[in-house]
Amino acid sequence: MTTTWHVHDDLLAAYVDGRLDAIVGASVEQHLGRCADCRVSTTPLVDPQLLARGWAGVRATVESPPLPLPVRLARRCGVPEPTAVLLAAATSLRTAWLVAAFLALSFATLATVVSGGMMLAPFLLVAPLVPAIGVAAAYGPQNDPLESLVVTAPYGRTRLILVRTLAVLVSVLPVTAALGLLLPGPAWLAAAWLGPALALVPVLLALSSFVGPRAGVAVVVLAWSALVVFSLRGFPATWPVEAPQQLAYLSLAVVAAAVLLVRSRLDRRIGAVL
């Protein structure tokens, strides 16, 4: 498109320097989009170094966009960027899931505190299950948006599952332990829930090697819920986390780990099983 009117040099200089008001600046900008001669006239008015820095910033933003918050936090902890990206893609490491988990733990703790320690069941029901559910949501074709990349990439599935499992535990265990300090009753209750919580994770992984994470976590949730509900029938409030039961959880975790080891040897790697 041709035009018979051109922007005056002083007006162009003011436009380049950003000294025009919004209306006049928009008019000049519209004209520059249609007039090649005026665009050429702006060339000597622009600082080449400033222009180069501007384009460098555009390229940096396009080629390397800002990393999400979970990735930045993982990077600050020394996690390599490829691993941090794979961690951040896990459903159970996203902000919404973490907030929901912390709210569930908080309400369970509140219910236990309000009961004066007579009802430990709410906390003992929720606290050990949160890590297991988080691990189940951290991998699997249905839950992992990067599943197709994980399958084809040289990054081992076994390593990914173990790293995400560790990340889930690190994200939820400290807060749960802090909430456990608020529980009325013996001081050891603040840490007693860790026994079943840590035992349920290998049990879940072992079950998932046969039926997948979704069915595996359903079995774990139902079994643990049944145990906690059973303890309400005349047993002490602390019965699910007392010493004999802790030994049973430890034995169960050892058996689950052995199952995973056998399955991994048969299938060469745990990731192929899970």
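Val 46 touches Val 16 and Leu 51, not counting residues up to four places away in sequence; contact here means heavy atoms within 4.5 Å. The structure is a predicted model, in which local features need pLDDT of at least 70 and side-chain atom pairs count only at pLDDT 80 or more, while totals for chains, interfaces and linings use all residues. Residues are numbered from 1 along each chain as its sequence is written, and side-chain values use heavy atoms, with hydrogens and water left out.

Val 46 sits in the loop between helix H3 (36-42) and helix H4 (48-63). Helices (H or I, at least four residues) and strands (E, at least two) are DSSP runs, numbered from the N terminus. Val 46 has a relative accessible area of 28%, so it is partly exposed. That class lies between buried (under 20% relative accessible area) and exposed (over 50%), with a 1.4 Å probe and protein chains only. Val 46 and Val 16 are 30 residues apart in sequence, yet their C-alpha atoms are 6.8 Å apart in space.

Asp 47 belongs to the loop between H3 and H4. Asp 47 is partly exposed because its relative accessibility is 38%. From Asp 47 to Val 16 the C-alpha distance is 9.6 Å, across 31 residues of sequence.

Arg 39 lies in helix H3. Its relative accessibility is 38%, so Arg 39 counts as partly exposed. Leaving aside neighbours within four places in sequence, Arg 39 is in contact with Leu 32, Gly 33 and Arg 34. The C-alpha atoms of Arg 39 and Val 7 are 9.8 Å apart, and 32 residues separate the two in sequence.

The whole protein was examined next. Its secondary structure comes to 16 helices and zero strands. Of its 274 residues, 38% are buried. Among contacts with a separation of 6 or more, 68% join residues 24 or more positions apart. The protein exposes about 15500 Å², and carbon and sulfur atoms supply 69% of that area. Accessible areas come from the Shrake-Rupley method with a 1.4 Å probe; for residues, only the protein chains shown count as cover.

Helix H13 (194-211) has 18 residues. From its first C-alpha to its last, H13 reaches 25 Å, close to the 26 Å expected at 1.5 Å a residue. The expected span is 1.5 Å times one less than the number of residues. Buried residues in H13 include Pro 196, Ala 199, Leu 200, Val 201 and Val 203. After H13 comes Gly 212, with a positive phi near 90 degrees.

Ala 257 is placed in helix H15. At 39% relative accessibility, Ala 257 is partly exposed. The C-alpha atoms of Ala 257 and Val 201 are separated by 9.8 Å, although the two residues are 56 apart along the chain.

On a 1 Å grid over the protein atoms alone, a pocket is an open set of points where a 1.4 Å probe fits, with protein on both sides within 12 Å along at least five of seven lines; lining residues have an atom within 4 Å of a point. About 160 Å³ of space lies in this second largest pocket. Grid points are joined across faces, edges and corners, and the volume is the space filled by probe spheres set on the points. Among the lining residues are Pro 196, Leu 207, Val 219, Trp 224 and Tyr 249. By class, the lining has twelve nonpolar, no polar and no charged residues. Ala, Val, Leu, Ile, Met, Phe, Trp, Tyr, Cys and Pro count as nonpolar, Asp, Glu, Lys and Arg as charged, and the others, Gly among them, as polar.
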